[in-house]
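My notes follow in the order in which I went through them.

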Amino acid sequence: MSTAGPEIERLIQLLAKLPGLGPRSARRAALHLVKKRDLLMAPLAAALQAAMDTITVCTVCGNLDSRNPCTVCADPRRDPGIIVVVADVADLWALERAKAVNARYHVLGGTLSPLDGVGPDDLSIAALLTRAHDPAVSEVILALNATVDGQTTAHYITDLLTDANVKVTGLAHGVPVGGELDYLDEGTLTTAVRSRTSMG
């Protein structure tokens, strides 16, 4: 039994499709938007329309932006010799929020996953190889998740880059900053021990 008109129910259904929002959270968000129509709903609708009209995929790296090449690729202060490879735009944004690296990026569009039918041709690997063979590029950082699919993808790309004149590196895995050993899983602890570094 519906408690609101079809327009509000449609709004709730669409909000519930967003990550992190279940049906109850979507209902609360919809109610808040409806109550604050002038302050929130109208600007949100305008921002969504503007994003739909202007957001595009960067033809260089695969980032999402309102310009092409994207803001990152167009920034002359970035080190053109380093390409950070990420699986998804969300990973690129996370690294940028952390201000972890001042380099260029390459978004693969996912990771290799035979069980899900994702093969090399489904990812932006060919474009990465072209970019990595540019004489200006000296290092490719594989910033992929420490999952089976992420590491499979990293190994696959590493093999393909053997003939490129670049250093291929990966992110360190192990004990997080502020982490307590007692709370870490066995896989993380094992990787941390194997990847130990000199303290001196």
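**Cysteines.** I began with the disulfides, and the count in this predicted model comes to zero. A disulfide is a covalent bond between the sulfur atoms of two cysteines. The cut-off I applied is 2.5 Å between the sulfur atoms. I looked at Cys70 next and found the sulfur of Cys61 to be the closest, at 3.7 Å, so that pair is too far for a bond as well. Are Cys58 and Cys70 buried or exposed? Cys58 is buried, with a relative accessible area of 4%. Cys70 is buried too, at 0% relative accessibility.

I checked the peptide bonds and noted that the one from Asn68 to Pro69 is cis, with omega near 0°. Pro69 sits in the loop that links strand S2 (64-65) with helix H4 (71-74). I also noted Lys99, which is not a glycine and still has a positive phi, near 50°. Where is Lys99? I found Lys99 in the loop between H5 and S4. Lys99 counts as exposed, because its relative accessibility is 73%.

**Strand S3 and its partners.** I moved on to S3, which spans residues 79-86. Six of its eight residues are buried, so S3 is largely enclosed by the rest of the structure. Which strands pair with S3? One is S4 (residues 103-107), which runs parallel to S3 and is joined to it by five bridges. Within this pairing, I wrote down Val107 of S4 as the bridge partner of Val86. To get from S3 to S4 the chain passes through helix H5 (residues 89-98), and I logged this β-α-β crossover as right-handed. S5 (residues 139-142) is also a partner of S3, again in the parallel sense, over four bridges. Here I noted that Ile83 stands opposite Val140 of S5.

**Helix H6.** I listed the buried residues of H6 (residues 125-132) as Ile125, Leu128, Arg131 and Ala132. These cover an arc of only 120° around the axis, which puts them on the same side of H6. A reminder to myself: an α-helix has 3.6 residues a turn, so residues three or four places apart point the same way. What does H6 carry on the face turned away from its buried side? That face has the exposed residues Ala126 and Thr130. The cover over the buried residues of H6 includes S3, S4, S5 and helix H7 (148-160).

**Nonpolar cores.** How many residues does the largest nonpolar core have? I got 18, and those with the most contacts inside it are Val85, Leu108, Leu128, Val140, Leu142, Ile157 and Leu161. S3, H6, S5 and H7 each supply at least two residues of this core. H6 gives the largest share, three residues. I then followed Leu161 on its own: beyond its neighbours within four places in sequence, Leu161 is in contact with Leu129, Ala132, Val140 and Val168. There is also a second, separate core of 16 residues, and Val72, Ile82, Leu95 and Ala143 are among them.

**One last residue.** I finished with Ala51, which is in helix H3 (residues 37-54). Ala51 is partly exposed, with a relative accessible area of 30%. I also took the C-alpha separation of Ala51 and Ile8, which is 22 Å for two residues 43 apart along the chain.

Definitions and conventions:
Residues numbered from 1 in each chain as written. Predicted model: local features only at pLDDT ≥ 70, side-chain atom pairs only at ≥ 80, totals over all residues. Heavy atoms only, no water. Buried < 20%, exposed > 50% of the residue type's maximum accessible area, 1.4 Å probe, protein only. Pairing = 2+ DSSP bridges. Right-handed = clockwise from strand over helix to strand, strands pointing away. Arc of directions from axis to C-beta. Contact = heavy atoms within 4.5 Å. Core = buried A, V, L, I, M, F, W, Y, C linked by side-chain atoms within 4.5 Å.
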